[in-house]
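Could you give me a friendly briefing on this structure, with the main points sorted by topic?

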Amino acid sequence: MEKVLAGARSDGKTGGKTLTRRIARGVRVGSLLIGGLAPVSVQSMTKTDTRDIANTRAEVRRLEEAGAELVRLAIPDLEAAQALGAIKRAARVPLVADIHFDYRLALEALEQGVDKLRINPGNIGGKDRVKALAEAARVRGVPIRIGVNSGSVERELLEKYGGATAEAMVESALEHIRLLERESFLDIVVSLKASDVPRTLRAYRLLADQVDYPFHIGITEAGTVWSGAVRSVAGLGALLSQGLGDTLRVSLTGPAEEEIRVGREILKAMGWLQNGVEVISCPTCGRTEIDLVRTANAVEEALADLTVPLKVAVMGCAVNGPGEAREADVGLAGGRGFGLLFRRGEIVGRVTAEEMSEALIRLARAEAGGKSEPRLARGVERRQGDR
Ligand code: SF4
């Protein structure tokens, strides 16, 4: 199929807010649906050497516990590709093999049961190889992500556009897409990542008018945990607010679990994710008479494992505190050496400054237990015999 189709748009309600989201073709990745009407999923990439099976399994587990719905692994050689089967047997979320240039590694990854490939078909060396890869992936029902980065745009396109512009990135993606479409392979996900936000936004917007494939969104090489998180919030927030994005990865120079935490917080802030704790805390000011920073951090960390939707307020004083705390599921409003505890708008206790953190955590856990049992992130299914 030569022609690529433009995605439709649809209004949908999420968390009481009406959002317009581009409706992309649905692509199944193991137990996870990307695109269609599926929620935006959060993924990350392991930082271990994939050949080190024990450490990679442990990192995948940490990512699952942080809420990852999909995990990607770098496959630099055959030994890494051959390790995939053993890593996958211990994984609860679908796995993606990230491969550059060598289609034999992709074929081995498919043999090992990987759920998705990230490979650019224009870089694997000719039509026969694209055909073999598309056929092997189709037989196993495995989709392919075409991942165009600003640094990977082909030389001819750099010359044509005078650099890695958004237009050059889009044309590069369309060329890769067409190679798969010629083999009637349509289980495609596309990403267009630049290291700056404006170019990334423009590239996705341009491509959204031309294809209906789901988008993996991200800002590549975003930076350290702090600056990368800020850049990702700006870029991914802007894309999501325009209805663009079906799965996201925050790239950080730091632990992969932080990527998941930031990604989930972005979705929560956008109202696209209701699972998990949302801590609302005041910025503190001259009226604050409790150790609010320590309390807010302790509460957020202690409740990070909850996956039921729960709003927890940690407020510093009696001026704005009680009002905000009342709107949360549970909350705390500080006073001089004490705190008032709230549950669904009612004062349920008064505790000393020393007891505050523990008391709020206990109250939050009780409220969470009443809502429903903590469960795995969306799209993740436990398999028989899982730990
Ligand atoms: S809630 Fe109170 S302590 Fe916190 S910033 Fe507002 S006025 Fe200051």
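Predicted model: local features only at pLDDT ≥ 70, side-chain atom pairs only at ≥ 80, totals over all residues.

Valine 330 sits opposite arginine 343 of β16, in a place where β15 and β16 run antiparallel and are joined by five bridges.

**Around β15**

- Strand β15 is mostly covered, with five of its five residues buried.
- In a regular strand, side chains alternate between the two faces of the sheet.
- Here Val330, Leu332 and Gly334 point one way from β15, while Gly331 and Ala333 point the other way, and all are buried.
- In the hairpin of β15 and β16 there are three residues between the strands, and glycine 337 has a positive phi near 80°.
- β15 (residues 330-334) also pairs with β14 (residues 310-315), this time in the parallel sense, over four bridges.
- Across that pairing, valine 314 faces leucine 332 of β15, and methionine 315 stands opposite alanine 333 of β15.

- β15 belongs to an open sheet of five strands, ordered β13-β14-β15-β16-β17, with mixed pairing.
- Which strands stand at the edges, each with a single partner strand? They are β13 (277-281) and β17, so one side of each has no neighbour in the sheet.
- On average, neighbouring strands of this sheet are turned by 20° against each other, direction ignored.
- Between β16 (338-343) and β17 (346-352) is a loop that holds arginine 344.
- Arginine 344 has a positive phi, near 45°, although this residue is not a glycine.
- Is arginine 344 buried or exposed? Arginine 344 counts as exposed because 12 other C-beta atoms lie within 10 Å, and a residue is called exposed at 12 or fewer.

**The sheet of eight strands**

- A second open sheet has eight strands in the order β10-β9-β8-β7-β6-β5-β12-β11, and its pairing is parallel.
- β10 and β11 (216-217) stand at the edges of this sheet with a single partner strand each, so one side of each is left without a neighbour.
- Inside the sheet, β8 and β9 run parallel and are joined by two bridges.

**Helix α4**

- Helix α4 covers residues 127-140, which makes 14 residues.
- From its first C-alpha to its last, α4 reaches 20 Å, close to the 20 Å expected at 1.5 Å a residue.
- Which residues of α4 are buried? They are Val130, Leu133, Ala134 and Ala137.
- Seen down the axis of α4, these buried residues fall within an arc of 100°, so they line one face of the helix.
- The buried residues of α4 pack against α3 (103-111), β8 (116-118), β9 (144-149) and α6.
- On the other side of α4, Asp128, Glu135 and Val139 are exposed.
- Just after α4 comes glycine 141, with a positive phi of about 65°.

**Two loop residues to look up**

- Serine 184 lies in the loop between α6 (166-181) and β10 (188-193).
- Phi of serine 184 is near 55°, a positive value in a residue other than glycine.
- Serine 184 counts as exposed because it has 9 C-beta neighbours inside 10 Å.
- Isoleucine 219 is also a loop residue, placed between β11 and α8 (225-241).
- Why does isoleucine 219 count as buried? It has 26 C-beta neighbours inside 10 Å, and the label buried needs 20 or more.
- Leaving aside neighbours within four places in sequence, isoleucine 219 is in contact with several residues, including Lys193, Ser195, Val197 and Thr200.
- Other contacts of isoleucine 219 include Arg231, Ser232, Gly235 and Ser251.
- Isoleucine 219 and methionine 45 are 174 residues apart along the chain, and their C-alpha atoms are separated by 14 Å.

Conventions:
Residues numbered from 1 in each chain as written. Expected span 1.5 Å × (residues − 1). Arc of directions from axis to C-beta. Contact = placed C-beta atoms within 7 Å. Pairing = 2+ DSSP bridges. Axes fitted to C-alpha atoms, helices over the stretch in contact; angles between N-to-C directions.
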